[in-house]
Amino acid sequence: MVIGNNRQKSAVINDGLLPRLLQLMIDESVSFELRTESAVILGSVAKGTDQHIQSLIDAGCVHVLLKGIFSVHLKYVEACLRCLRSIYLSNKAPADLVYQDLAIISHLVNILSKTATTQECITSIFSSCCKTQAHQNVLYSNGMVAALAPLLNSNVYKVQMPTMKCLAVICYKNESVSHAVASATFNGEPIPSLLLRLIARNRTSEMQMAAAKCLTYLYRAGGLSAKNPIIPLKTMPTLVRMCKKDRTLEENIDGAETLAYLVEVDPELQKIASITDHVISTLAVYLKYTDVQQITSKINGKKDMDWGLEMKQAAFKAFASIGANDEDIRKKIIETENLMDHILMAMTSDNAKVQGAATRCLHSLSRSVQQLRTTFKDHSIWKPLMKLIEIGCDEVLAIASSTLCNLLLEFSPSKEDILESGAINMLCKLASKEDPALKLNGVWGLMNMAFQSEEKVKSEIVETLGSEQLFVLLSDEDPTILMKTLGLLRNLLSNKPHIDSIMNVYGTQVMQAVVFILEGDHSVDIKEQTLCILANIADGDRAKDFIMENEDVLKKLMSYMNHSNPQLQIAATYTISNLVWNEHDDAKCYHRQEKLRELGVQRLLQKLLDTPDQTLFEKVKTALQQFS
């Protein structure tokens, strides 16, 4: 009655038959034939709509089915597994139900190999309910990798497909599991070699795609090297093939998204991808996908999906990854017909996924000096970008604010327009966020904004951010945020009049922050940046008094001149050189030289003349010339 009939499935639920069927399944006195029939009926209901599946979950079906798999009656176990598979493939059931009792995981792995049905269903269940790293580790520690390896050699297609999906999800971003998968073998053959057979062109497109995704995830998690020929010579060409117009829309989208993930972090793979089978022009076609084509795609069964938007976001992701590091590749991508118009349109889309992908593509292209000076200016990209930062969701906000940082570099013609549109206020708000990525982008943008800017801009930055927040950022535990905050302070304290003006108001706090960082347990790069700030302060006319009047700071400078690291020695010596610089032959300068001579600075400089480091030698020589 219920097979293939959603109306009858609804009737069974509405008539209250689910609790009765579940009662039959848990009643020990009921025969296993009847209990199996009950599980089969529930399995058929589970093949209905999302509402039908939700009704099964609400009725407590998953708990009963998970109990049923421990039965000694194989037909009943298979019926329970088929129903569980349908429920979990819908992504409606809470994944944690499977992991709440480790005996369930252990038992599922133990019965996995019994029949083709147990193999197909259990791999499908695990591929759908493995959601976290903890889930991956539990599956691995219960022997899942060893259990999956033989199934790749199965002659049953319906077993091989969920096996590959299961392998992919347990490897995803999990280094230890990926290493285990890469070294696991079946009949002496490693899993990557078994996957290589399944990626061959004589296999179905669906199988090639699944195997390529497995190998992609294995590589990205560290199980395989980018130099392993399987990645550039087999996996990549397969993914590019999936982007061709003779493949289904699902394969087009999956192929482009997986290709984006494959090449995202490796410049060499990006170069190879850019010249593989005209991939850039192939992806460009995705942007032209129309509603007319969409009508013919309804046979795919996903009627509620906007294929045009899905195609666009997949292309944007692939463009972003392929063009992430190489200027020539970016130029090729930017020449795609109407690309910037498509990006601008997507950035104003209501779909967060499309918005995010378009902004990610824009971020990748914004690394190009040439594009910042030409294309980006022509299209006033900064306008929708600032709107996104103003109203965007957190996911888009991070990548949009990172892109804005690139538009604020000194050679960007958009910098002035962005400044006039309230960027300082926007960036200061970001710099005060709790989210480390947003905070970093806020500080980074302010640092770029302050570089070689006018005094009124610098004053506005300090006033809007507030000295208190600036010094909160200088004590941030994240070294990247601290480094960019020091960069901001260094850019604020450049140009003599600006240095004197800012130090006149905030000098005491700046010196406290400098001492705090120099005394802390920080990297060489952070300490060097801090010493460079001191060197800038020492370049001011009145500001240098803050250093000269602080004997503790002077002694710290001397200790860094004696440091084992030449970077720190150079920065400390440069600060001394600025302190003793005698531009106007004035009495104040002689007084400073005398004080430093008494502290032993001149003697220390003379000792440093023996340094093998040429840059340090030049700095020492310049400083000594000022003394004489």
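Me: How are residues numbered, and what limits apply to the values?
Reply: Numbering starts from 1 along each chain as its sequence is written. Because the model is predicted, local features need pLDDT of at least 70 and side-chain atom pairs count only at pLDDT 80 or more, while totals for chains, interfaces and linings use all residues; side-chain values use heavy atoms, with hydrogens and water left out.

Me: What makes a set of residues a nonpolar core, and which members of the largest one touch the most others?
Reply: A nonpolar core is a set of buried Ala, Val, Leu, Ile, Met, Phe, Trp, Tyr and Cys residues joined through side-chain atoms within 4.5 Å. The largest one has 215 residues, and I87, F126, M164, I343, L534, I537 and I547 touch the most other members. Helix α35 (residues 496-519) gives the most to this core, with 11 residues. Helices here are DSSP runs (H or I, at least four residues), numbered from the N terminus.

Me: Which residues does L534 touch?
Reply: Contact means heavy atoms within 4.5 Å. Leaving out residues up to four places away in sequence, L534 touches M511, V514, L518, I547, V553, L557 and T575.

Me: Why is the pairing of R220 and E264 called a salt bridge?
Reply: A salt bridge needs a side-chain nitrogen of Lys or Arg within 4 Å of a carboxyl oxygen of Asp or Glu. The N to O distance between R220 and E264 is 3.0 Å, so the pair meets the definition. R220 belongs to helix α15 (residues 205-220) and E264 to the loop between α17 (249-263) and α18 (267-274), 44 residues apart. The structure holds 18 salt bridges.

Me: Is R247 buried or exposed?
Reply: R247 has a relative accessible area of 18%, so it is buried. R247 sits in the loop between α16 (230-242) and α17. Apart from neighbours within four places in sequence, R247 is in contact with S205, R241, M242 and N252.

Me: Why are α36 and α39 called roughly parallel?
Reply: Axes are lines fitted to C-alpha atoms, for helices over the stretch in contact, with angles from 0 to 180 degrees between N-to-C directions. Angles under 35 degrees count as roughly parallel. The axes of α36 and helix α39 (residues 566-580) come within 8 Å and cross at roughly 10°, so α36 is roughly parallel to α39. Among the α36 residues in this contact are L531, L534 and A538, and among those of α39 are L568, A571 and L579.

Terms used: Buried < 20%, exposed > 50% of the residue type's maximum accessible area, 1.4 Å probe, protein only. Helix = DSSP H or I, 4+ residues; strand = E, 2+ residues; numbered from the N terminus. Parallel < 35°, antiparallel > 145°, perpendicular 65-115°, else oblique.
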